[in-house]
Amino acid sequence: MSNYMMFRTALILLSLLLLSGFRVADAGPRPSVVFLSPDDSRFWQMVSEFMAEVATDLDMDLEVRVDQDSHRFSYLRMAEQVLRREDRPDYLLFICRELVTTQMLTRANDLGVKVFTFNTDVPADTRVAVGLPRETLPNWIGHMAPDNVGAGRTLTALLEQRAERLDLGEPGQPLPMIALSGTLDSSAAKDRNRGLEAAVDDKSSEILQLVYADWSDRLAKEKSLVLLKRYPQVASIWSASDGMAMGAIEAAKMHGKQPGQDVVVGGVDWEPRALDAIRRGELATSLGRHFMGGGLALLLLHDFHHGYDFAKGVSSASLSYQLKPATEDNIHKVERILDPENWRQLDFRRFSRAHSLAEPELSLNADQLMDRFTSVLSEEKGGGQVVSNR
């Protein structure tokens, strides 16, 4: 066969493969990723554990470094330590923290390390200085965060609905509420606060006082004790995290109240102990699924590394998804999503466009991809999962 005929045959075969729905990926070397965890709380442990399962299935080298000091400047120092290495990773994955994010991004960009930021919104000072991913820093390849404003608004509405069913408010009067937020330098806390404030604009609820409890159970308990004494008429307690919500529940009990009956409490994070509190009827709801955000980021980085750019064909490299409520009605499904055994049984290659096991018609929409994670993991065992062959 002539060289021309061999070339023509190969071209026809390639065309048939493409028309059949297959993609030929450029399988480069095994990608290395360092994730900078902001603290060692249970939520971030869940994030890291889920990421480890995804990285194993996708054949990625993942290193998790934890900021034991839990401060933005110690977080910056941790990033500098990684970037000073001779064996720098291919990708650096971290959350945005105010006053240090711009420096972390520019340093990594100058050194040729690609960065993906996630979980918290891009701070205003960073937007002013360098814009958004790929606008001025080519190595800042993407950003993804839950809609924390929407979460704050949804949490408020769910608490109002539960309080109304329990007849906790005065007829015709706004529902008296206290609120517990995270830290002053957290964009997630600020955005959830904004959602809360937007939700009470219609006068369905009245924020008696909002306090910052630094994401701490203990501090939330202490501050809630003071607030419940100051405002005995409180009908609901809005909390930007499950940990702080658990502290508020303890404080309510110490004031002789029955959480779930005399006062309704809600939080964010889908922490396992929060789900236990929902089962007991003490916690009305917890918004979550963002513990899977790090795993989804790894999936996007894996496919990017192999030639499938998540930003191709879309207007921005900044992605968003919605948080979903856990309630007494769906608690069994949420518990399956949180079960590490289900993570181990699922082969995450099915969600990768760069892999032959990929599901057909995979979307680049982060919300839809997160829906697929949620749907598959919530299935009963034996419900059609692609099982990992580890």
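Which residue in S9 is the bridge partner of Ile237? The first close-up gives the reply, and all views show a predicted model.

**View 1. Strands S8 and S9 pair side by side.** In S9, Val265 is the bridge partner of Ile237. Strand S8 covers residues 236-239, and strand S9 covers residues 264-268. The two strands run parallel and are joined by 3 bridges. Helix H9, residues 242-254, lies across S8 and S9. H9 also lies across strand S6 (175-181) and strand S10 (285-288). Its direction is about 160 degrees to that of S9.

**View 2. An open sheet holds 6 strands.** The strand order is S7-S6-S8-S9-S10-S12, and the pairing is mixed. Strand S7 (205-212) and strand S12 (324-326) form the edges. Each edge strand pairs on one side only. Neighbouring strands of the sheet are turned by 20 degrees against each other on average, direction ignored.

**View 3. Strand S3 is covered on both faces.** In a regular strand, side chains alternate between the two faces of the sheet. Strand S3 spans residues 91-94. Tyr91 and Leu93 lie on one side of S3, Leu92 and Phe94 on the other. All four of these residues are buried.

**View 4. Strand S3 pairs with S1 and with S4.** Strand S1 (residues 32-37) runs parallel to S3, joined by 4 bridges. Leu93 in S3 is the bridge partner of Phe35. Strand S4 (residues 114-118) also pairs with S3 in the parallel sense, over 4 bridges. Here Tyr91 stands opposite Lys114 in S4. From S3, the chain passes through helix H4 (residues 101-110) to reach S4. This β-α-β crossover is right-handed.

**View 5. The largest pocket is lined by 27 residues.** How much space lies in the largest pocket? About 590 Å³. The lining residues closest to the pocket centre are Asp39, Ser41, Trp44, Asp214 and Trp215. Two elements give two or more residues to the lining: helix H2 (42-57) and helix H7 (187-199). Rolling a probe the size of a water molecule over the atoms shows where empty space is left.

**View 6. Ser70 has a positive phi.** Most residues other than glycine have a negative phi. Ser70 is not a glycine, yet its phi is positive, at about 55 degrees. Ser70 sits in the loop between strand S2 (61-66) and helix H3 (72-83). Is Ser70 buried or partly exposed? Ser70 counts as partly exposed because its relative accessible area is 36%, between the limits of 20% and 50%.

View 7. Asn119 is a residue other than glycine, with phi near 80 degrees. The loop that holds Asn119 runs between S4 and helix H5 (124-130). Asn119 has a relative accessible area of 5%, so this residue is buried. The cut-off for buried is under 20%.

View 8. The protein chain has 14 helices and 12 strands. Of its 390 residues, 53% count as buried. Among contacts with a separation of 6 or more, 76% come from residues 24 or more positions apart.

Key. Residues numbered from 1 in each chain as written. Predicted model: local features only at pLDDT ≥ 70, side-chain atom pairs only at ≥ 80, totals over all residues. Heavy atoms only, no water. Pairing = 2+ DSSP bridges. Axes fitted to C-alpha atoms, helices over the stretch in contact; angles between N-to-C directions. Contact = heavy atoms within 4.5 Å. Buried < 20%, exposed > 50% of the residue type's maximum accessible area, 1.4 Å probe, protein only. Right-handed = clockwise from strand over helix to strand, strands pointing away. 1 Å grid on protein atoms, 1.4 Å probe; cavity = no way out; pocket = protein on both sides within 12 Å on 5 of 7 lines; lining within 4 Å. Points joined across faces, edges and corners; volume = space filled by probe spheres on them.
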